[in-house]
Amino acid sequence: MCGIVGFIGKKQAAPIILDGLSKLEYRGYDSAGMAVFDGEKINVVKAAGKLKRLVELTHDGAEIKGFAGVGHTRWATHGQPTSENAHPHLNGKGTIAVVHNGIIENYISLKKMLTKKGYSFKSETDTEVIPNLLDYYYKGDPLEAIQKTLHRIEGSYSFGIIFADRPGELYAARKASPLICGKNDEGTFIASDVPALLKYTRRVYYIGEEEIARLTENSIEFFDVDASPIEKEEVEIKWDASAAEKSGYEHFMIKEIYEEPKTVKDTIRPRIKGNTVEIEELGMTDEEIKEVGGIFIVACGSAYHAGVTGKYVFEGMARIPVNVDIASEFRYRNPILNEKDLVIVISQSGETADTKEALRVAKQAGCKVLAIVNVVGSSIAREADKVMYTWAGPEISVATTKAYSAQLVALYLLAIKFAHVRGRITDDEMTSYIQDLKKLPDQIELLLGNREKIQHFANRYVAAKDVFFIGRGIDYAISLEGSLKLKEISYVHSEAYAAGELKHGTISLIEDGTLVVAVATQKDLLAKTVSNIVEVKSRGAFVLAVTNVGSTEVENVSDYVLFIPETNRYFANSLAIIPLQLFGYYVSVGRGYDVDHPRNLAKSVTVE
Ligand code: F6R
């Protein structure tokens, strides 16, 4: 989604802004621009398409001089991805420049009001009302103008703002869209995400909801929406800077797939003490765990798919009823929540608008909310009652892989904890689950060693038009994610079906040569899935099966088989997803697509 970078200090701003924006490219965008104050006026350069175009137009930033500026990568919401609609946007006099992430929901009425007052607009964007509204309120005090503007607008925003008559200042404000700032000896910075700043500083401040920041060359001050000063603590970013670099891999996605053994280990290790699972962040006594009435798992996309697995694991192991909801549905369906229910929200970015809103719905209903989040200090992490971090490090590729794997193991840990405390599993069973958990990183490593076989198969199916993924129980949850991985980066139409449901309509789409990926890891359901494989094969399908080592009944009826090592039934997703992630990756590479930046998608979806 859109990215923001701003700088004010002793160095030329443009090269720093371009460098920062390049670190945010992974978020997905379709145009870019920047505004730099040269001591007399604000100069703006914008271009549709990739950041490279902006780099060329400005000769790496050398053509646009000045020590203060703001830059933006835009993911179009209101208006086409053209250079007119790209940010920054200016007021008519060209004295106020604004970059914006989010959506101004009442922009139409504001535009009408401003038009009546004589303002005119050049773009189709919602954002352009902001510099004009600031202009309308500006009487020489930027803070006052920003404060009044924030009171007038509805929606979500993070802003970077420069005023031509305040050369030594850069302003920022946010609500429901992330923004951080930081400082080093050369100046101060704003950015919508950590990777943009890692090269310059590791000490950052998170700007809070409806807060304003004023940056100068060597200071950062914070104010609330009524312009009263507030104190804020610096946070140290512990990410390894190389984690946000490709380090010799062709794409971030394959690098991140290769990081999965470490991610899984890092997420499990701090929560295992001897033969028990201890999740200190949960902040719940055994009594409280016993009292939980039901669990709601709420998330979007792949995080939702992790939640679907979580339902099977929690219900199977701990015998607690679990509802899994897509966040954008949950927030509007007036869910029946009870104070004894635990709501678990899952989000890699911690900024997904729908998930954040679902969290608020749950809190309003009096439920305790536990967030499983990857990005430390993100909005969801800050708003939830408790946070269980997945230790995947920065995930740059738009398609999630390692964060999803970390979410799965976080859910397994919780399920084991709940099952044990509630007397559903014995000490010995818990020990056995822990042994299986500890084996996962090496088993994933083993599967990664098989990548050539998957690459070979992907090359064969690189021209596939429709692919169906089928499975039962946890295998269905795996199918959902396998199918999403394929379609989102390779643009091959693909659907996931509960294997038993296929014959209720979808089987009519199977014809000679249609690829069906059958996931069959659940031993008690194997015979049923084998019947479904036979059904599609007899209609001409080519079946790729993902199954357990030694599963000859599946092997006998399939055309091509990928085996996963032995684990207990609940953890099979962590292994079966690896060949499916690799399959999606290699089909996309084979089709020559931009794997890390699939069209129309963004890494962090901060709008509804
Ligand atoms: C798919 C993918 C998305 C995200 C979804 C939720 O590969 O990455 O489906 O899982 O947008 O994002 P987070 O986890 O950041 O809330």
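Predicted model: local features only at pLDDT ≥ 70, side-chain atom pairs only at ≥ 80, totals over all residues.
1. Around the ligand you will find 14 residues, and the closest of them are S347, Q348, S349, T352 and E488.

2. Next, look at the polar atoms. The side chain of T352 has an N or O atom 2.4 Å from an oxygen atom of the ligand. S349 places a polar side-chain atom 2.6 Å from a ligand oxygen, and for E488 the distance from a polar side-chain atom to an oxygen atom of the ligand is also 2.6 Å. On its own, the ligand has 410 Å² of accessible area, and the protein covers 89% of it.

3. What kinds of residue make up the shell around the ligand? By class, five are nonpolar, seven are polar and two are charged.

4. Now ask where the shell comes from. Domain 2 (249-448) and domain 3 (449-599) each contribute at least three residues to the shell. Among the helices, helix 9 (301-318) and helix 16 (474-490) each give at least two. As for the space that the ligand takes up, that is the largest pocket.

5. Away from the ligand, let us turn to the backbone. Most peptide bonds are trans, and most residues other than glycine have a negative phi. With that in mind, look at the bond between H87 and P88: this peptide bond is cis, with omega about 0 degrees. P88 sits in the loop that runs between strand 4 (68-74) and strand 5 (89-90).

6. D60 is not a glycine, yet its phi is positive, at about 60 degrees. You can find D60 in the loop between helix 2 (51-57) and strand 4.

Methods
Residues numbered from 1 in each chain as written. Heavy atoms only, no water. Near = heavy atom within 4 Å. Polar contact = N/O pair within 3.5 Å; in protein donor to acceptor, adjacent residues only side chain to side chain. Areas by Shrake-Rupley, 256 points an atom, 1.4 Å probe, with all protein chains shown as cover. 1 Å grid on protein atoms, 1.4 Å probe; cavity = no way out; pocket = protein on both sides within 12 Å on 5 of 7 lines; lining within 4 Å. Sits in = over half its atoms within 2 Å of the grid points. Helix = DSSP H or I, 4+ residues; strand = E, 2+ residues; numbered from the N terminus. Nonpolar A, V, L, I, M, F, W, Y, C, P; charged D, E, K, R; others polar. Domains from an automatic or database assignment.
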